[in-house]
Amino acid sequence: MSVSAAPSIFDVFNARQLAPQEVAKLFVPSDHFEILAKPTHTLIVGPRGSGKTTLLKMLHPAALEAWQHPKAPQYRNQIEFAGVFVGTDINWKEQVKSLGDGRLDADSYRLFVRAAFTGQFLHSLLETMSYRAGRAGPPLEAPHRRILLTERGEADIARELIASWHIDRAIATFEGIQIA
């Protein structure tokens, strides 16, 4: 016999811990998403819990492909860019601060913070590139601007990234660079 607990009123919904596909399961578009889905510069400001992360995660190709809503095809057609979600928040900042603050001189600390953020950004960029190239699995609902990339094409791009990002050793694939 299996017993499952009903959701509690004390459960917290935070999109930060959810994969884009999970966010898409419950997403209902709003006027804010309509604005965000346009190819313009947008600044999103709001208090904790107001839905900023949810909106941004819905721009990731995995979320757009998994989204099953009557308006989903319209948005998939409208969004002409690839969303790269870089998960940073106050907790991340505090973790980085605890590793370097007070133990490093100011210049070294700034370099450490920049390197940590850059590493997180590049990892997220590679995740999106890999997804768009079909390396992360088939589309769940409808493909969103997938590209046809041969293994040789991926290797060529990967070698360029390895050289320009000054990575010492990596297998010439998107996943290989992420691991490196």
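Tyr75 is buried, with a relative accessible area of 2%, where buried means under 20%, exposed over 50% and partly exposed in between, for a 1.4 Å probe and protein chains only. The model is predicted, so that local features need pLDDT of at least 70 and side-chain atom pairs count only at pLDDT 80 or more, whereas totals for chains, interfaces and linings use all residues. Residues are numbered from 1 along each chain as its sequence is written, and side-chain values use heavy atoms, leaving out hydrogens and water.

Phe33 is also buried, at 0% relative accessibility.

## The aromatic cluster

The structure holds five aromatic pairs; rings of Phe, Tyr and Trp (its six-membered ring) pair if their centres lie within 6.5 Å, with planes under 30 degrees apart counted as stacked, over 60 as edge-to-face and the rest as tilted. In one of these, the ring centres of Phe27 and Trp67 are 5.4 Å apart and the planes stand at 65°, so the pair is edge-to-face.

Phe27 is buried at 8% relative accessible area, and Trp67 is buried at 0%. The rings of Phe33 and Tyr75 have centres 4.9 Å apart and planes at 55°, so this pair is tilted. Phe27, Phe33, Trp67 and Tyr75 form one aromatic cluster.

## A charge over a ring

The charged end of Arg146 sits over the ring of Tyr131, 4.5 Å from its centre; the criterion is NZ of Lys or CZ of Arg within 6 Å of the ring centre and within 35 degrees of the ring normal.
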